[in-house]
Amino acid sequence: MGDSTVTTLEEGREQAAPRPVMGAQGQVFLHRLRAPRRPRFWFEILLIAVSYWTYSLIRNAVPEQKAQALSNADWIWKVEHHLGIAVEDTVNHAVNSVTWLIVGMNYYYATLHFIVTLSVLVWLYRSHPGRYAATRLVLFATTAVALVGYYFYPLAPPRLMTSETFVDTVVVHQTWGSMASGDLKNMSNQYAAMPSMHIGWSLWCGLTIFALASVPWVRVLGLLYPTLTLVVIVATANHFWLDAVGGMLCLAFGFGVTWVWYGALPYALPRYVAGSGGVPELAPVKTSPVKT
């Protein structure tokens, strides 16, 4: 009786023993996935190209629900009136009266959205390789959740509202300033205005520059960039204020995803990783007290 009991207990222990080992292996594998590593140039180029192509494909494949998009625009406009922030038409007409300024904003809207974002990614790749993957994940997660907004909440930009007098500045001044105006309007979904990725991406750039740049005036420029972008998207009648809020919420989601995955904000991760070409940040060495 006693022998059989002991044998059963021993067998149970032998069967249970491998479980913690498997758990430990899983933790090691997860740790390796999360650990910052040196980015590979061609992989990053391919990843960014494929990701943007996929983003454009999905965004433009969303049905252009014109009636619903215009109805949603009217509702947004009413909400902003209720909140006392419906001044987009005033800003639009005021800036449109200064030709050189509004033309410059048209080109700003069309180009810097991509140029600055790609430039920040290149800077991160070269100068902060240990933080690159995590910061890139913020951008990708932000953009991915924005696609959900485009699908479920079609929204016409102010310049397309038939019930208001907003000026489509690209059409009026005949500039190349938007993929959703003029001759290029058939190449892009015009009713994907909520959330504003001009704000989501520019704020990502601004926060990244402010957090990681070492030169004070560059950090200030980092904060000015999303601020100026906010003025541009409103002055050109491409977005409402609340579209910008939507972009900020998407960015917050992106930071949340990154924090859950890495256990920290991207800017708190080590600047360099082994083999990145910089000097690795070493963990403090623990020493034992010397006995006398």
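**Figure 1. Helices α6 and α9 pack side by side at an angle of about 35 degrees.** In this predicted model, α6 covers residues 99-127 and α9 covers residues 197-212, and their axes sit 10 Å apart. The crossing of α6 and α9 is left-handed. From α6, the residues that take part are Tyr109, His113, Phe114, Val116, Thr117, Val120, Leu121, Trp123 and Leu124. They meet Met197, His198, Trp201, Trp204, Cys205, Thr208, Ile209 and Leu212 of α9. Sort the contact of α6 with α9 by class and you get 13 nonpolar residues, four polar ones and no charged ones.

**Figure 2. The largest nonpolar core has 36 residues.** Which of its members touch the most others? Those are Val120, Tyr150, Met197 and Trp204. Helices α6, α7 (129-152), α9, α10 (216-235) and α11 (241-262) each put at least two residues into this core. Helix α6 gives the most, with nine residues. As a bit of background, nonpolar side chains in soluble globular proteins tend to be buried together.

Figure 3. Skipping anything up to four places away in sequence, Met197 touches Tyr55, His113, Thr142, Thr143, Ala146, Tyr150, Ser202, Gly247 and Cys250. His113 in α6 is also part of the contact between α6 and α9, as is Met197 itself.

**Figure 4. Thr142 is a buried residue of helix α7.** Thr142 lies in α7, and it counts as buried because its relative accessible area is 1%, where the limit is under 20%. Leaving out neighbours within four places in sequence, Thr142 is in contact with Met197, Cys250, Leu251 and Gly254.

Figure 5. A second, separate core of 16 residues includes Ala73, Ala86, Ala237 and Phe240. You'll find Ala237 in the loop between α10 and α11. Is Ala237 buried or exposed? At 1% relative accessibility, Ala237 counts as buried. Its phi is near 60 degrees, a positive value in a residue other than glycine.

Figure 6. Gln174 is exposed, with a relative accessible area of 73%, whereas Thr175 counts as buried at 11% relative accessibility. Gln174 has a positive phi of about 50 degrees, although it isn't a glycine. The side chain of Thr175 makes a polar contact with the side chain of Asn106, at 2.9 Å. Setting aside residues up to four places away in sequence, Thr175 touches Val103, Asn106, Tyr107, Thr169 and Val170.

Figure 7. The bond in question runs from Met194 to Pro195, with omega near 0 degrees. Pro195 is in the loop between α8 and α9. Now find Tyr151, which is in helix α7. Tyr151 and Met194 are 43 residues apart in sequence, yet 9.7 Å apart in space, C-alpha to C-alpha. With a relative accessible area of 47%, Tyr151 is partly exposed.

**Figure 8. Gln68 and Tyr153 come from separate stretches of sequence, 85 residues apart.** In space, the C-alpha atoms of Gln68 and Tyr153 are 8.5 Å apart. Gln68 is in helix α4 (residues 66-83). Its relative accessible area is 38%, so Gln68 counts as partly exposed.

**Figure 9. Zooming out, the chain has eleven helices and zero strands.** Of the 292 residues in the chain, 40% count as buried. How many of the contacts between residues at least 6 apart in sequence join residues at least 24 apart? That share is 82%.

Note on methods. Residues are numbered from 1 along each chain as its sequence is written. This is a predicted model: local features need pLDDT of at least 70, side-chain atom pairs count only at pLDDT 80 or more; totals for chains, interfaces and linings use all residues. Side-chain values use heavy atoms; hydrogens and water are left out. Axes are lines fitted to C-alpha atoms, for helices over the stretch in contact, and angles run from 0 to 180 degrees between N-to-C directions. Helices (H or I, at least four residues) and strands (E, at least two) are DSSP runs, numbered from the N terminus. A crossing is left-handed if the near helix is turned anticlockwise from the far one by less than a right angle, and right-handed if clockwise. Contact means heavy atoms within 4.5 Å. Ala, Val, Leu, Ile, Met, Phe, Trp, Tyr, Cys and Pro count as nonpolar, Asp, Glu, Lys and Arg as charged, and the others, Gly among them, as polar. A nonpolar core is a set of buried Ala, Val, Leu, Ile, Met, Phe, Trp, Tyr and Cys residues joined through side-chain atoms within 4.5 Å. Buried means under 20% relative accessible area, exposed over 50%, partly exposed in between (1.4 Å probe, protein chains only). A polar contact is a pair of N or O atoms within 3.5 Å; within protein, one must be able to donate a hydrogen and the other to accept it, and residues adjacent in sequence count only if both atoms are side-chain atoms.
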